[in-house]
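I hope they make a handy guide for a first look.

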Amino acid sequence: MVGASLAGLSAARSLRKQGYDGRLVVIGDELHRPYDRPPLSKEFLAGSLAEADLALEPDTEDLRAQWLLGVRAVGLDGPQRAVRLADGSEVRADGVVIATGAAARTLPGTDGLAGVHTLRTLDDARALRDELTLGGRLVVIGGGFIGAEVASTAYALGLDVTVVEAAPTPLAGPLGETMGAIVSALHADHGVRLLCGVGVKGLSGESRVDAVLLEDGRSVPADIVVVGVGARPCVEWLAGSGIELDDGVKCGADGRTSLAGVVAVGDCASWYDPRAGLHRRVEHWTGARERPGAAVTALLAGGAVEPGTPRPPYFWSDQYGVKIQFAGHAAGADSVTIEEGARDDRNVLAVYRRCGHPVAVLGMNQPRPFMRWRKQLAAAA
Amino acid sequence: MIPACRLVDLPRGEAYRLDIDPPVSVFHTDDGEVFAIDDTCTHQDASLADGWLEGCEVECPLHASKFDLRTGAVDAPPAKRPVRTHEVHVEDGMIYVQLSLDAPNLPPCVAARLAGGPA
């Protein structure tokens, strides 16, 4: 198991659950045991959830695994299925699960400038939390989910918050223009400034950041900057292994890669989506939890099992006290209608359709009808 | 024993939430069995009555942890603790719940609220 976060842990659990009784080695580049990342931008950042509460393993769990933590995998010998580690050692295996995740993208030229953060790991969250408690002016670069959640948390902590988004509408990719505009209106509802359609030229400051410079010439004063401009799959270490890469590790509908005995799961894996007829990387928590089961089945069976149809992808977000839930794919929709609630109350249930058939559903504080629609989407699949 | 609702008013595949503190939900499975468990997910404040009922398991509507209705056991993260189960009796078409005397496993935010602290 290369990767010791949710996808790696889920794969380890699935192996034991499916009867694998042999040696199990889990390699992780962070020193921490598996922890839950979604609260890092929410309850943990707000200080209402302690570090111990982030643990993904109950005290009673024993996977009989050997944990190699704090050591990075630097190479894979495909035919030998040998994983080379940064300390010079090597782990050989009959099967390899690649679960190395993704890393936060950064802005070029911002290295070493104090007060500039990304948010992906527990260490990132600790550093950002320590700065947020000092208060001041926060500028969030990127109006996606991480950016919006950090803005919401910082607003609740009393900071002066500005969100800068390069696209005309935040969240238009995952939610579409119409609903992206409704969800991102939550910022203005709470007095958080949202600047859209303008890129960032750079940051100013000597040793510490003091402003964000926009491409239209404006300068936004900042004591703290969070860069939330997406993530890239951590697959550099696979260069030269012979494994097929295409925006992550290219996988079949069951997680099998181009190398025998090697599967990939989680944010680093680009699985084939039989419904859409294309490969796509799904960076959702639920994917990292559910898909390893199928990948492990494929690994143990050597591909002798026909992959089942996965449920439509599902994710959630918490912003300004509003529970946002989404299932399906917005990209293929040709219409979106609000079926429950009112957009001005920010309590809506919206259904995305393509040629009259539902393909996605979005809920804002509508857990019950959302679940009904989510089941319907899965049944139709 | 607390009367919940009439069996005929709770179709198979549906759940009924008893608004007591903490709330309890009664599930009628597709196989016709009736179970009662604490309604609140042990991870965060979510109503399991709004969850995805499949066989003898209910999946939390928010973060997808699954709880076994028979034992309360949880199968996967983010929840780590089981939910409390309660005895159910059906008499003359009425569903009654005998509340467990065990301490509930409530999520940190709800436990704090019940203890009178900040929500």
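1. A word on burial to begin with: a residue counts as buried if 20 or more other C-beta atoms lie within 10 Å of its own, as exposed if there are 12 or fewer, and as partly exposed in between. Please keep in mind that this is a predicted model. With that cut-off in hand, look at helix H6 of chain A, which is mostly covered: 14 of its 17 residues are buried.

2. At 1.5 Å a residue, its 17 residues should span 24 Å, and the end C-alpha atoms are 25 Å apart, which agrees. Where does H6(A) bend? The bend is at A:Arg291 and amounts to about 30 degrees, with a proline, A:Pro292, following within four residues. After the helix comes A:Gly302, and its phi is positive, near 65 degrees.

3. Next, helix H1 of chain A. H1(A) has 12 residues and covers 16 Å from its first C-alpha to its last, close to the 16 Å expected at 1.5 Å a residue. Since 10 of those 12 residues are buried, H1(A) is largely enclosed by the rest of the structure. The buried set includes A:Leu9, A:Ala12 and A:Arg13. What do the buried residues of H1(A) pack against? Their partners are strand S1 (25-28), strand S6 (96-98) and H6, each in chain A. Just after H1(A), A:Gly19 has a positive phi of about 95 degrees.

4. The axes of H1(A), residues 6-17, and H6(A), residues 285-301, come within 8 Å and cross at roughly 35 degrees. The crossing is right-handed. On the H1(A) side the contact is made by A:Leu6, A:Ala7, A:Ser10, A:Ala11, A:Ser14 and A:Leu15, and on the H6(A) side by A:Trp285, A:Ala288, A:Arg289, A:Pro292, A:Gly293, A:Ala295 and A:Val296. Sorted by class, this contact has 9 nonpolar, 3 polar and 1 charged residues.

5. Now for A:Phe44, which sits in helix H2 (residues 43-46) of chain A. Is A:Phe44 buried or exposed? A:Phe44 has 24 other C-beta atoms within 10 Å, so this residue is buried. Leaving aside neighbours within four places in sequence, A:Phe44 is in contact with A:Pro39, A:Leu49, A:Leu54 and A:Ala125. A:Leu122 is 78 residues away from A:Phe44 along the chain, yet their C-alpha atoms are separated by 9.4 Å.

6. Compare that with A:Leu31, in the loop between S1 and H2 of chain A. A:Leu31 counts as exposed because there are 11 C-beta neighbours inside 10 Å. Not counting residues up to four places away in sequence, A:Leu31 touches A:Leu69 and A:Gly70. A:Leu31 and A:Ala4 lie 27 residues apart in sequence, and 9.6 Å apart in space from C-alpha to C-alpha.

7. Another exposed residue is A:Asp216, with 10 other C-beta atoms within 10 Å. Look for A:Asp216 in the loop between strand S13 (211-214) and strand S14 (219-221) of chain A. A:Asp216 and A:Arg289 are 73 residues apart along the chain, and their C-alpha atoms are separated by 42 Å.

8. A:Asp247, between strand S16 (231-233) and strand S17 (249-251) of chain A, has a positive phi near 50 degrees. A:Asp247 is partly exposed, with 13 other C-beta atoms within 10 Å. A:Tyr320, between strand S21 (314-319) and strand S22 (322-328) of chain A, also has a positive phi, near 50 degrees. A:Tyr320 is partly exposed, with 18 other C-beta atoms within 10 Å.

9. Finally, chain B. Which peptide bond is cis? The bond from B:Asp21 to B:Pro22 is cis, with omega near -5 degrees. B:Pro22 belongs to the loop between strand S2 (14-18) and strand S3 (24-28) of chain B. As for the interface, 12 residues of chain B are in contact with 12 residues of chain A. The chain B side that touches chain A has 9 nonpolar, 1 polar and 2 charged residues.

Methods
Residues are numbered from 1 along each chain as its sequence is written. Chains are lettered from A and ligands numbered from 1 in the order in which they are written. This is a predicted model: local features need pLDDT of at least 70, side-chain atom pairs count only at pLDDT 80 or more; totals for chains, interfaces and linings use all residues. Axes are lines fitted to C-alpha atoms, for helices over the stretch in contact, and angles run from 0 to 180 degrees between N-to-C directions. Helices (H or I, at least four residues) and strands (E, at least two) are DSSP runs, numbered from the N terminus. A crossing is left-handed if the near helix is turned anticlockwise from the far one by less than a right angle, and right-handed if clockwise. Two residues are in contact if their C-beta atoms, placed from the backbone, lie within 7 Å. Ala, Val, Leu, Ile, Met, Phe, Trp, Tyr, Cys and Pro count as nonpolar, Asp, Glu, Lys and Arg as charged, and the others, Gly among them, as polar. The expected span of a helix is 1.5 Å times one less than its number of residues. The bend at a residue is the angle between axes fitted to the seven residues ending there and the seven starting there.
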